[in-house]
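Student: I've got a protein model open and I'd like to learn how to read it. Can we go through a few features together?

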Amino acid sequence: MLFTKSSSLLRIGMSLVIALTLMAQATTSIAYTIEGKQDKALSGHPFKAKQQKKNSKARGKSHNLKNVSDDTSDKGASQAIAGDKSRFRDKKNSHKEAKSELRLESASEKQNLTRSGGKVPQAKVTSSVRLPRFVRPFKYAITVEPDLVEGTFKGHEKISVVLSKPVSAITVNSLDLTVEKVAIRGEEGEETSPIQARVSINPHLQQATFDFGRKLEAGRYEISVAFKGCFNEKLRGFYRAYYTDENGGKQILAATQMEPTEARRMFPCFDEPDFKASYQITAIVDSDLKAVSNAEVQSEREDATRNKKIITFAPTPKMSTYLICLVIGKLEATPAIFSAGIPIRVWSVRGKSAMGKFAQDVASRLMTYYHSYFHIRYMAQKLDLIAIPDFEAGAMENVGAITFKEQLLLLSDKASARDRQWVAGVVAHEMAHLWFGDLVTMKWWDDIWLNEAFATWMSCKAIDNLFPEWHACDEFGVHLDDHHNEVMETDAMLSTRPIHFHVVEPADVNEMFDEITYEKGASILRMLEQFVSDRVFQAGVDRYLRLHAYGNATTADLWQAVQAVSGRPIVQLMKNWVNEPGYPKVSVEFFQDAVKNIKKMKLTQERFLLDSPLKPKAAGKPVVWFVPVSIKTWSGKSGFAGDVNSVSTKLLETKELVFPMGGKIKQFLANASGYGYFVTGYQSADLRALEPLIQTKLQGKERRDLLRDQWYQLKASQIPVAQYLDLTSFYQSETEPAPTQQLLSQFHALSNFIEPANRPAFAKLVQSRLSAIKARLGWTAASGESEQVRILRGQVIECLGTIGQDDDTINRAKDLFRMYQADYTAVDSDLIDAITYVVAYNGDAEDYRAIKQLWQSAKNPQDEQRNLMALGLFRTPDLLKQTLDLAISDDVHKQDGPRLMVNIFDRNPERLLAWQFFKKNWNVMLSKWSVFALPHVVERMVWFNLPQQEADLRTFFAAHPVPAGTSDVKRMLERVRVNVRFVQDNGQELQEYLESTLRSST
């Protein structure tokens, strides 16, 4: 699942920038080991079902590994893959007897414990919210009949289960459902007649218990359940979405969003990720509607007496409940494209399917790429990508039926370069889940990072393969409104958490869909790949997927798989990166050893915290990470003109490391290539010596991270204001997008600390740093210009026209906006976002009406989102009040109201008015928005910086707990505290610097 937490559209996992440094040379000799006894074959669908028996031959072939090319210099990895391949064969009808299934759980538990060394931190199954493990489902047959108008549904299901011990009652998950009738019968032996059950409901535990009044012996049974419920109105579980069709009529669509624990709102079930089963779904719908689910349509027949049709889908592969999908409405699809024999379609509401062609083409190419990378065939028989008008998550990786927000799947012909890249990145993220998450699923929610971090990291590799000119993993370091790139700021808080975090109740996982899970997790996977080499890491992933295909796994299982093929102590190396919060600051000191008369370098690590005054007492027990530090040095007579003298990597395994440095070194850069997940601290003299090389000798990634590290240290009050702002002057002639985007992002952040009286001076500073870049980029795209440059042009214009208050930029943007109003095609699509935001930021009532009308009349998702978000940038109080009222009205999709609030808190300097509105309308938002929405709004209230504002925030949230948002509140309050301290420590120096800038510019 992928969430949109920022003020505008998600800037994808492909904006993964905090990728970590090379931990070893590619030429390192590595020993490979394979434990053959653990590489035993896994059946395609390891449950005993008639459908599997019928199709076992075909299924067996479809799930075998593809041939792996051995044309690689890394022979060890190839041999490892080949060795595993020779042992991986599909076992037909692997569960011949009920006894084998009765032993399945205990055997699996022992095997997993052995693989993990018995050290995996796990939430204990004995928790009252966890279901007992002696009852296991393996097949569901579910029939559901919705009434979209009335908002209700009724259904019936048959659940095939295995009891591993005698029981008299069975407990399942159920929430907001009426369970009308339950019966059980045995599939063999004496209990073949139905036994009626007495049903008791525990709404607190979200459980229903079926008491059969007698002991049922161990064996296989079928549970029949009749139930009914109401559609959820908060975009979770089985819910209704509302939209306006192409003729202006109001329509209703039914959709599902089951992750993490919402399937229990649609039907009683064993709603935990390791209760995998096959699902056969039947939908009874109105005759004019269509239905899409995880599997292909098996049959469809009319019920003319009721004006209904009955659609039965084929059984799914074995999967978790949170991956179930059912979408019902007036839908249409693109013609299928076949890739690797898999039909791929894009579904949407009527009139929009033509906008799905780009995503469909990308998905087709990704299917081929992922087959080649994972060496295991996709687990389902078709793939549908479904655009939903009202959808809380950015996208959801349901097996065979991935669901998306419309704007993250559908594109008009005038879509910008950034729009195309967002859509491609989201599709890549979700399709990576089809293997890493769907085929192999985390055993419990504490390992949700395995799913999301891998998909985030993998989407970068995939997009780099499909569109190498985009430089997905290297260049998209910073986007102005992408807060996922703030992972290092979040992780520099005391309120951060480890990647692997103990989850007791399933609801706790709602708080884990954050940048720690996605971006930090992806960063350490990149670190691991660089440490063992990409080829060896791929072999480790292959091994992991084979060992756990159609099953569940833990973090330790992944480390063990990579360790097995690499011969490296991966479990030990990765321990603190996963199980400890935060990351280190690596301080670098270059000095002369007076005793030995040689130059030496000292590396020192300590946890980096933005609230540094609290560090000694509050940070707890010191943590030592395994930190790879790549050092690039320059020497020579001048020290400025020569090439790189050397690049070496030191593994900092202790708090301090001292080593000699040969040659007449003049300058050096730690974190060469910009992959390190740490902040680098330089002595001021060493930083000054490096500054002349910034634009001539440093790579774009290195320039980006140098600026980033100095910004974080400024926020932590560890360096002077002048040191940071002087450094920005060396970026005035910047030519690459990534460092420029970092500069723009930091200027936007810094603008929140500027007093109104100092804003003209700050605007002059912004203009001085960006004017040359703007002049080089101009307003018109050059022939053959890259998409990155086209995107950057709009970002520079937006910055200069908002916080930069550049008159020329503002006036030109207004002229172009009027042209755009008259003729949609008259303006470069890559500039439309920027000119709209500049007009809104500087706009009056007439501009407000114009943008609002453009929002109301939008014909595609991108135009709709752009203009709605722009309404949040108007600074005049009465116009801002209109936007705030709009955010909680029924005129705005439920998915968009919270996003509009986020945009205001994030980018409008009049956010104090939004805060007063938030407090006044708390109950409205609490009842109207989804469980994920409020935490996302709260986490962006981070730019308040006065003591009285901090006190007000603390008082309010102490009295108003945020559901599923405890950690978001803590992080927000800590960031506000950091802001207050920053102003107290640096406000006067910042004012003096700006006054000096203003004097020098006049």
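Student: Which residues does Gln862 touch, not counting residues up to four places away in sequence?

Tutor: Keep in mind that this is a predicted model. Gln862 touches Gln407, Leu410, Leu411, Ser412 and Asp419. You'll find Gln862 itself in helix α25, residues 861-870.

Student: Is Gln862 buried or exposed?

Tutor: For that, look at the relative accessible area: buried means under 20%. Gln862 comes out at 5%, so it counts as buried. Its side chain also reaches the backbone oxygen of Gln407, at 3.0 Å.

Student: Okay, now strands. Which way do the side chains of β21 point?

Tutor: Here's the general idea: in a regular strand, side chains alternate between the two faces of the sheet. In β21, Ala401, Thr403 and Lys405 point one way, while Ile402 and Phe404 point the other way.

Student: How many residues of β21 are buried?

Tutor: Five of the five, so the strand, residues 401-405, is largely enclosed by the rest of the structure.

Student: Which strands are joined to β21 by bridges?

Tutor: Take β19, residues 383-388: five bridges join it to β21, and the two run parallel. There, Leu385 stands opposite Ile402. Then β20, residues 395-396, is joined to β21 by two bridges, and that pair runs antiparallel. Here Met396 stands opposite Thr403.

Technical notes: Residues numbered from 1 in each chain as written. Predicted model: local features only at pLDDT ≥ 70, side-chain atom pairs only at ≥ 80, totals over all residues. Heavy atoms only, no water. Buried < 20%, exposed > 50% of the residue type's maximum accessible area, 1.4 Å probe, protein only. Helix = DSSP H or I, 4+ residues; strand = E, 2+ residues; numbered from the N terminus. Pairing = 2+ DSSP bridges. Polar contact = N/O pair within 3.5 Å; in protein donor to acceptor, adjacent residues only side chain to side chain. Contact = heavy atoms within 4.5 Å.
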